[in-house]
Amino acid sequence: MKTKKIALTAMCIALAMILSYVEAQLPSLGIPGVKMGLANIVVVFCLYRLDWKAAAGISLLRVLLVSILFGHAASLMYSAAGAALSLIGMILLKKSGIFGCVAVSVVGGVLHNLGQILVAWAIMGPNVIYYLPVLILSGTVTGVLIGLVSGFLASRTDLKL
């Protein structure tokens, strides 16, 4: 049973990395810093079908590995801050049992953007706060889409670990 969970977790990390790479190859949405967050499909899916520890491990390892392979130190700082804040919010919201997959994903998207703004604030100063409304809107829209896809996949997958 433990071997099966390790193998599944490794496949999820690989899938999240592939989705990150594919997203990096897609044309920009026209607004700097706005991305779909395709890798979060895997994270939210794992949050619902595995457990919060697996989802957190997958998210954080994906951020680290993608930054090492395709990014740079700055991308690691922004991504790690966003992922950590996003994970905390999603885990707490899911544990409350009150909110569904879409709401959990929206909170994750918005908190991810907030984490990135906090890093930008620390590096560039407080003027970046004016960009926050754009990122909140994009985090909400992409969070809904990611939540719908993740919820659909989680409801149609029968994982027995």
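This briefing walks through the fold, the core, and a handful of individual residues of the structure above.

The model is predicted, so local features need pLDDT of at least 70 and side-chain atom pairs count only at pLDDT 80 or more, while totals for chains, interfaces and linings use all residues. Residues are numbered from 1 along each chain as its sequence is written, and side-chain values use heavy atoms, with hydrogens and water left out. The protein has 6 helices and 0 strands, where helices (H or I, at least four residues) and strands (E, at least two) are DSSP runs numbered from the N terminus.

**Overall fold**

- Along the sequence, the pattern reads α-α-α-α-α-α.
- The radius of gyration is 15 Å, close to the 15 Å that the globule rule gives for 161 residues, so the protein is as compact as a globular protein of that length. This radius is taken over C-alpha atoms, and the globule rule is 2.2 Å times the number of residues to the power 0.38.
- Taken along the principal axes, the C-alpha atoms fill a box of roughly 50 × 35 × 25 Å.
- Among contacts between residues at least 6 apart in sequence, 72% join residues at least 24 apart; a contact here means heavy atoms within 4.5 Å.

**Surface and burial**

- The accessible surface comes to about 8,900 Å², and 74% of it belongs to carbon and sulfur atoms. Areas come from the Shrake-Rupley method with a 1.4 Å probe, and for residues only the protein chains shown count as cover.
- Of the 161 residues, 40% are buried. Buried means under 20% relative accessible area, exposed means over 50%, and partly exposed lies in between (1.4 Å probe, protein chains only).
- H72 is in the loop between helix 3 and helix 4, and it counts as exposed because its relative accessibility is 53%.

- Helix 2 (residues 39-49) is largely enclosed by the rest of the structure, because 8 of its 11 residues are buried.
- Those buried residues are A39, I41, V42, V43, V44, F45, C46 and L47. They pack against helix 1 (2-25), helix 3 (52-70), helix 4 (73-96), helix 5 and helix 6 (132-155).
- The largest nonpolar core has 29 residues, and C12, V42, C46, L47, I58, L87 and M90 touch the most other members. Such a core is a set of buried Ala, Val, Leu, Ile, Met, Phe, Trp, Tyr and Cys residues joined through side-chain atoms within 4.5 Å.
- Helix 1, helix 2, helix 3, helix 4, helix 5 and helix 6 each supply at least two residues of this core, and the largest share, 8 residues, comes from helix 2.
- Leaving out residues up to four places away in sequence, L47 touches W52, A55, M90, I91, K94 and V104.

**Cysteines**

- The structure has 0 disulfides, a disulfide being a pair of cysteine sulfur atoms within 2.5 Å.
- C46 is in no disulfide, and the nearest cysteine sulfur, that of C12, is 3.5 Å away. C46 counts as buried because its relative accessibility is 0%.
- The sulfur of C101 is 11 Å from the closest cysteine sulfur, in C46, which is too far for a bond. With a relative accessibility of 14%, C101 also counts as buried.

**Salt bridge**

- The structure holds 1 salt bridge, defined as a side-chain nitrogen of Lys or Arg within 4 Å of a carboxyl oxygen of Asp or Glu.
- Its partners are K5 and D51, at 2.8 Å from N to O. The pair links distant parts of the chain, with K5 in helix 1 and D51 in the loop between helix 2 and helix 3, 46 residues apart.
- K5 is partly exposed at a relative accessible area of 30%, and D51 is partly exposed at 25%.

- S150 is in helix 6 and counts as buried, at 0% relative accessibility. Beyond residues up to four places away in sequence, S150 touches N40, I41, V44, F45 and C101.
- N113 is in helix 5 (residues 101-124) and counts as buried, at 8% relative accessibility. Apart from neighbours within four places in sequence, N113 is in contact with L135, S138 and G139.
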